[in-house]
Amino acid sequence: MIGAQAVQASDDEAWYEGAAKAARAAVTDNSANRPLEQVVIASSTVNGRVTRVGKDTLHVRDGEGTVYELQLDPRSRGLRRGQRVPLKELQEGTPVRARFVLMGGRTVARDVQVRR
């Protein structure tokens, strides 16, 4: 599980590089040849409400008030009752459970489940 401080930290590039190298070394499939910035270091989820949707970001505030800035990429997807929904259409206040990965110093959204 990724702590909020690790998710929000972006200045410690040496840490990310070392973690990516360790994660890449532990992989036994063909993803071991990926560039370090594409290696998933860790994954986690956040339950909360959308506070903002930007061009390439989704901001989610958890129950403790921590805001997670999740980057969006082509693999990011929104789901509502098993059906895909465009993440750009989410409104402020929408309750979500967002699965995300720490990759190359970036926190990237993967599955964003819209909750009732």
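Trainee: Is Ala-14 buried or exposed?

Mentor: The model is a predicted one. A residue counts as exposed when its relative accessible area is over 50%. Ala-14 has a relative accessible area of 58%, so Ala-14 is exposed.

Trainee: Where is Ala-14 found?

Mentor: Ala-14 belongs to helix α2, residues 13–26. In sequence, 91 residues separate Ala-14 from Gly-105, yet in space their C-alpha atoms are 9.7 Å apart.

Trainee: Which residues of the largest nonpolar core touch the most other members?

Mentor: In soluble globular proteins, nonpolar side chains tend to be buried together. Here the largest nonpolar core has 16 residues, and those touching the most other members are Val-46, Leu-58, Val-60, Leu-70, Leu-90, Val-96 and Val-112. Two or more residues of this core come from each of β1 (40–53), β2 (57–62), β3 (67–71), β6 (95–103) and β7 (106–114).

Trainee: What is Val-96 in contact with, leaving aside its neighbours within four places in sequence?

Mentor: Among its contacts are Val-46, Val-50, Val-60, Leu-90, Val-112 and Val-114. Asn-47, Gly-48, Gln-113 and Arg-115 are also in contact with Val-96.

Trainee: How many aromatic pairs does the count come to?

Mentor: The count is one aromatic pair. Planes under 30 degrees apart count as stacked, over 60 as edge-to-face, and the rest as tilted. The ring centres of Tyr-68 and Phe-100 lie 5.8 Å apart with the planes at 45°, so this pair is tilted. Tyr-68 sits in strand β3 and Phe-100 in strand β6, 32 residues apart, and the pair links distant parts of the chain.

Trainee: Are Tyr-68 and Phe-100 buried or exposed?

Mentor: Both Tyr-68 and Phe-100 are buried.

Note on methods. Residues are numbered from 1 along each chain as its sequence is written. This is a predicted model: local features need pLDDT of at least 70, side-chain atom pairs count only at pLDDT 80 or more; totals for chains, interfaces and linings use all residues. Side-chain values use heavy atoms; hydrogens and water are left out. A nonpolar core is a set of buried Ala, Val, Leu, Ile, Met, Phe, Trp, Tyr and Cys residues joined through side-chain atoms within 4.5 Å. Buried means under 20% relative accessible area, exposed over 50%, partly exposed in between (1.4 Å probe, protein chains only). Helices (H or I, at least four residues) and strands (E, at least two) are DSSP runs, numbered from the N terminus. Contact means heavy atoms within 4.5 Å. Rings of Phe, Tyr and Trp (its six-membered ring) pair if their centres lie within 6.5 Å; planes under 30 degrees apart count as stacked, over 60 as edge-to-face and the rest as tilted.
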